[in-house]
Amino acid sequence: MEASVILPILKKKLAFLSGGKDRRSGLILTIPLCLEQTNMDELNVTLDYLLSIPSEKCKARGFTVIVDGRKSQWNMVKTVVLMLQNVVPAEVSLVCVVKPDEFWDKKVTHFCFWKEKDRLGFEVILVSANKLTRYIEPCQLTKDFGRSLTYDHMDWLNKRLVFEKFTKESTSLLDELALINNGSDKGNQQEKERSVDLNFLPSVDPETVLQTGHELLSELQQRRFNGSDGGVSWSPMDDELLAQPQVMKLLDSLREQYTRYQEVCRQRSKRTQLEEIQQKVMQVVNWLEGPGSEQLRAQWGIGDSMRASQALQQKHEEIESQHSEWLAVYVELNQQIAALLNAGDEEDLVELKPLQQ
């Protein structure tokens with residue numbers, strides 16, 4: 001599931017991973033309920049997406065879920081807590097239900113969560129906001145609960161969109177580059193050229209994808225960022241959420257395949273240049289051995305009148321002009337061959353030396 005597909009739902013901030021951790025180093029998942037009725041289907045989709053982000057190792061530590069019910073009705077809180085057993089039954093370690101200071105006391109007696117621990121699979125604690133620090137360190141709680149951890153939901157969402165776009169583009173680009181590079185390594189020369197030509201240009205610019213990846217990695221590696229009030233907080237997209245290692249791995253693979261691709265392009269360009277030189281050399285040789293030699297053999301004579309002499313002189317100048325043009329081509333070819341010989345490898349020398357002769 002991609003964030004771009006469910007973007008309108010994620011923007012509602014029905015649940016979020018703030019980057020805070022409990023005392024077991026498990027991630028803190030917050031569900032901020034509001035006065036309006038929460039759409040349970042949308043909450044379910046949000047939770048499915050959020051819980052797909054952390055690694056299995058991270059999930060194994062368990063989550064602490066904060067259900068903020070200070071602005072919600074008790075029945076909605078109870079529905080959400082019961083829903084958690086179906087969404088993340090094996091991963092929830094503790095559920096802290098934040099209650100209003102004086103509102104639920106009588107209604108809570110109708111449903112005691114502590115009696116349902118075995119059925120739910122996790123412990124549920126009813127607690128006021130100022131007592132949350134009994135279970136979670138103050139520095140791991142957001143400003144919603146009067147503490148120091150700053151969380152910018154739109155900033156996090158924008159990073160996820162960039163991360164997923166980069167992941168999708170880079171994975172597709174890697175497949176294309178691998179196809180091009182592997183195709184150039186197999187078969188005879190004609191098969192090489194054919195396979196390379198079929199898919200030679202990637203669908204996206206590798207330089208642009210690499211730049212996006214480097215910018216994203218730079219942001220992810222700055223695990224602290226300035227909050228809206230100038231404070232400092234931990235970024236939720238850290239190593240635990242797998243973003244950094246995934247981006248680094250993709251960038252390494254991209255650089256490797258792109259370097260190979262550039263070499264394929266260089267070899268292809270060199271092969272094209274060699275073929276053009278060979279064609280021009282053959283043109284020069286064919287002209288010299290054919291029309292050029294024929295002109296020198298056939299076009300000779302002494303005029304027996306002024307008009308005849310002038311005609312022969314004009315013909316001579318035309319022949320001289322044609323030979324000069326072909327001589328210029330010959331000189332240019334020699335220069336190109338000499339440059340390639342100086343810069344070429346051993347394989348190039350075998351093909352170029354006969355052309356120079």
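**View 1. Strand β3 sends its side chains to two sides.** Phe63, Val65 and Val67 point one way from β3, while Thr64, Ile66 and Asp68 point the other way, and all are buried. Here buried means under 20% relative accessible area, exposed means over 50%, and partly exposed lies in between (1.4 Å probe, protein chains only). In a regular strand the side chains alternate between the two faces of the sheet. Since 6 of the 6 residues of β3 (residues 63-68) are buried, the strand is largely enclosed by the rest of the structure. A word on the source: this is a predicted model, in which local features need pLDDT of at least 70 and side-chain atom pairs count only at pLDDT 80 or more, while totals for chains, interfaces and linings use all residues. Residues are numbered from 1 along each chain as its sequence is written, and side-chain values use heavy atoms, with hydrogens and water left out.

**View 2. The partners of β3.** Strands and helices are DSSP runs numbered from the N terminus (strands: E, at least two residues; helices: H or I, at least four), and two strands pair if DSSP finds at least two bridges between them. β2 and β3 pair in the parallel sense over 5 bridges; Ile66 in β3 is the bridge partner of Thr30. β3 and β4 (residues 92-98) also run parallel, joined by 6 bridges, and Asp68 stands opposite Val98 in β4.

**View 3. Asp22 in its loop.** Look for Asp22 between β1 (16-21) and β2 (27-32). Asp22 is buried, with a relative accessible area of 8%. A polar atom of its side chain lies 2.9 Å from the backbone nitrogen of Arg24, and the side chain of Asp22 also reaches the backbone nitrogen of Gly26 at 2.6 Å. Leaving aside neighbours within four places in sequence, Asp22 is in contact (heavy atoms within 4.5 Å) with Ile28, Gly62, Phe63 and Thr64.

**View 4. Val204 between two helices.** Val204 sits in the loop between α8 (189-198) and α9 (206-221). Val204 is partly exposed, with a relative accessible area of 26%. Its C-alpha is separated by 7.0 Å from that of Leu173, 31 residues apart along the chain. Not counting residues up to four places away in sequence, Val204 touches Leu173 and Val209.

Key. Polar contact = N/O pair within 3.5 Å; in protein donor to acceptor, adjacent residues only side chain to side chain.
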